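Colleague: I would like to learn how to read this model feature by feature, with the general idea before the particular case.

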Amino acid sequence: MRDMLKKLPKVELHCHLDGSVRPETMYELLLEEKDLENISLEEFEKMVKVEDGCNSLVEYLEKFSYPLKIMQSKENIERITYELLEDLSKQNVKYAEIRFAPFLFMKKGLSFDEAVESVLKGMERAKKDFNILSNAILACMRYESVDKSIEVVKKGEKFLGKGVVAVDLAGGEEGFPPEKHKEAFDLAYEKGYNITVHAGETGRDENIIKSVELLHAQRIGHGIAAIKNPNIMKLLKEKDIFLEMCPISNLQTKAVNSIDEYPIREFLNNDILVTVNTDNTTVSNTSLDKEYSLLIEELGFSIEDIMKIMENSVKATFLPEEEKNHLKRIIEDSLKNI
Ligand SMILES: [Zn+2]
């Protein structure tokens with residue numbers, strides 16, 4: 001089964017670039033910048049990955065301070081993007097949508113355009129070298145003002161369809177309801193961006209409704225809290241909203257107490273369009289193989305269930321129809337070789 005999972009062609013839709021930096025690269029670059037005490041790579045890895053003892057989303061988000069220190073130059077950002085896609089291609093990921101908040105890469109003088117262009121360059125290079133397709137999602141941060149989100153939407157527009165496909169709203173939900181960013185997401189909708197929003201990750205089910213109805217979300221990041229409210233499940237189903245679920249991350253942030261409480265089976269049984277993703281390959285110390293293995297080993301998922309999720313993932317991509325069909329063919333061809 002493990003061997004088969006490895007060979008399965010895959011699609012990754014919810015992956016944060018800054019949470020998915022190779023630890024060795026971070027270590028090397030931090031040492032170069034003399035921004036790290038004298039510690040071993042092994043010790044460093046523990047500092048940037050979540051251990052079993054993680055207690056909350058807040059604690060989880062603290063792990064992002066190290067990668068963000070080094071993601072402040074064009075070279076580093078391009079290299080990190082390229083390496084992530086190399087790692088994904090080794091797991092037979094055929095297409096990935098990688099998200100990042102441009103403003104977090106602009107602390108040491110990079111411009112918005114430079115930050116975005118560096119990611120897109122890494123993607124181009126990875127496409128040539130590893131034959132992996134990818135697009136970027138620009139994240140707005142909930143704790144920032146709506147003006148900052150509007151700036152992301154406006155400045156990102158010139159990249160739309162040229163490597164950027166969507167905007168996202170990310171960051172802890174407590175105290176930062178979706179409606180705060182409505183003006184930015186109305187604008188994104190008008191300009192033709194696709195829209196995904198982190199919502200209902202740690203209990204706030206009303207954020208799912210607001211994200212769909214006020215922010216035009218076509219996909220919801222996590223969405224676990226939908227299980228609490230049949231009306232939300234109905235809404236997701238009626239509007240064909242995809243859920244980007246990230247099981248291992250959700251366990252680590254205590255979004256659910258245990259895998260037995262994870263609502264993915266109920267969602268599937270209710271015909272909700274579930275996809276499975278990693279969230280952060282480094283911080284969560286995960287991969288799509290690990291996520292699928294967990295579902296198979298702990299929740300009794302069959303290969304057919306996994307295939308259904310994969311089918312949903314292809315449908316959920318923010319690719320134009322023609323490119324979506326192209327990806328479908330790539331996946332079908334790859335499946336023939338298993
Ligand atoms: Zn996320």
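Colleague: Which residue in E2 does His16 stand opposite?

Modeller: As a general idea, strands of a sheet pair through backbone hydrogen bonds, either parallel or antiparallel. Here His16 stands opposite Arg99 in E2, and E1 pairs with strand E2 (residues 93-100) in the parallel sense over five bridges. Strands (E, at least two residues) and helices (H or I, at least four) are DSSP runs numbered from the N terminus, and two strands pair if DSSP finds at least two bridges between them. Please keep in mind that this is a predicted model, in which local features need pLDDT of at least 70 and side-chain atom pairs count only at pLDDT 80 or more, while totals for chains, interfaces and linings use all residues. Residues are numbered from 1 along each chain as its sequence is written, and side-chain values use heavy atoms, with hydrogens and water left out.

Colleague: In what order do the eight strands of the open sheet follow one another?

Modeller: The order is E1-E2-E3-E4-E5-E6-E7-E8, with parallel pairing. E1 and E8 each have a single partner strand and stand at the edges, so one side of each is left without a neighbour in the sheet. From one strand to the next the twist averages 25°, where axes are lines fitted to C-alpha atoms, for helices over the stretch in contact, and angles run from 0 to 180 degrees between N-to-C directions.

Colleague: Which strands does helix H9 touch where it packs on the sheet?

Modeller: Helix H9 (residues 182-191) touches strands E3 (133-141), E4 (164-170) and E5 (194-199), contact meaning heavy atoms within 4.5 Å. The direction of H9 makes about 150° with that of E5. Helix H15 (residues 303-316), in turn, lies across E1, E6 (219-222), E7 (242-245) and E8, and runs at about 95° to E8.

Colleague: Which residues of E7 point one way, and which the other way?

Modeller: In a regular strand the side chains alternate between the two faces of the sheet. In E7, Phe242 and Glu244 point one way whereas Leu243 and Met245 point the other, and all are buried, a word that stands for under 20% relative accessible area, with exposed meaning over 50% and partly exposed lying in between (1.4 Å probe, protein chains only). E7 also pairs with E6 in the parallel sense over three bridges, and Gly221 stands opposite Glu244.

Colleague: Which residues are the protein donors of the zinc ion?

Modeller: Donors are N, O and S atoms within 2.8 Å of the metal (3.2 Å for Na, K and Ca), and water is not among the atoms, so sites may look incomplete. Here they are His14 (NE2), His16 (NE2), His198 (NE2) and Asp279 (OD), lying 2.1 to 2.5 Å from the zinc ion. Of these, His14 in E1 and Asp279 in the loop between E8 and H14 are 265 residues apart and link distant parts of the chain. His14 is buried at 0% relative accessible area, and Asp279 is buried at 3%.

Colleague: Why is the arrangement of the four donor atoms around the zinc ion irregular?

Modeller: Ideal angles at a metal are 109.5 degrees for four tetrahedral donors, and 90 or 180 degrees for six octahedral ones. Four donors count as tetrahedral if all angles lie between 85 and 135 degrees; four count as square planar and six as octahedral if opposite donors are over 155 degrees apart and all others between 65 and 115; anything else is irregular. The angles at this zinc ion are 83 to 170°, which makes the arrangement irregular.

Colleague: What is the phi of Asp279?

Modeller: Most residues other than glycine have a negative phi. The phi of Asp279 is near 75°, a positive value, and Asp240, in the loop between helix H11 (230-238) and E7, has a positive phi of about 55°.

Colleague: At which residues does UniProt place the feature "binding site"?

Modeller: The unreviewed UniProt entry places it at His16, Asp18 and Gly171; positions are given in the numbering used here, feature names are shortened, and annotations may be inferred rather than shown by experiment. These residues span 156 residues in sequence, yet no two of their C-alpha atoms are more than 12.8 Å apart, so they gather at one spot. Asp18 is buried at 9% relative accessibility, and Gly171, found in the loop between E4 and H9, is buried at 16%.
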